[in-house]
Amino acid sequence: MKITGVFLLLSLAFLCLANCSEYKRLQRGRPIYCEKLYQPFCGSDGKTYNNKCTFCKAVL
């Protein structure tokens with residue numbers, strides 16, 4: 001049961017990182033500015049972010 005839980009958690013983390021691929025193309029060292037649009041996005045860390053952009057900003 002533990003192995004299944006760990007696998008599921010790692011799979012979710014991978015999917016979340018894959019979702020932020022559009023933000024990884026930005027130049028390193030340049031800030032990411034997000035709109036103040038409220039579209040709740042659940043992060044793999046258990047937090048709910050205002051939107052996908054704020055989640056990806058926290059991940060990157």
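Visitor: Which pattern do the disulfides of the chain follow, with bonded cysteines counted along the chain?

Guide: In this predicted model, the structure holds two disulfides. One of them joins Cys20 and Cys56, with sulfur atoms 2.0 Å apart, and another joins Cys34 and Cys53, with sulfur atoms 2.1 Å apart. Counting the bonded cysteines along the chain, the pattern is 1-4, 2-3.

Visitor: How many residues apart are Cys34 and Cys53 in sequence?

Guide: The link of Cys34 and Cys53 is left-handed, with -75° about the S-S bond. Because Cys34 lies in the loop between H2 and strand S1 (41-42) while Cys53 belongs to helix H3, the pair ties together parts of the chain whose separation in sequence is 19 residues.

Visitor: Is Cys56 buried or exposed?

Guide: Cys56 sits in helix H3, and its partner Cys20 is found 36 residues away, in the loop between helix H1 (2-19) and helix H2 (21-24). Since buried means under 20% relative accessible area, and the relative accessible area of Cys56 is 0%, this residue counts as buried.

Visitor: Which backbone oxygen does the side chain of Thr54 reach?

Guide: Thr54 has its place in helix H3, and with 23% relative accessibility it counts as partly exposed. Leaving aside neighbours within four places in sequence, Thr54 is in contact with Cys34 and Tyr49. At 2.9 Å, its side chain reaches the backbone oxygen of Asn51.

Key: Residues numbered from 1 in each chain as written. Predicted model: local features only at pLDDT ≥ 70, side-chain atom pairs only at ≥ 80, totals over all residues. Heavy atoms only, no water. Helix = DSSP H or I, 4+ residues; strand = E, 2+ residues; numbered from the N terminus. Buried < 20%, exposed > 50% of the residue type's maximum accessible area, 1.4 Å probe, protein only. Contact = heavy atoms within 4.5 Å. Polar contact = N/O pair within 3.5 Å; in protein donor to acceptor, adjacent residues only side chain to side chain. Disulfide = S-S within 2.5 Å.
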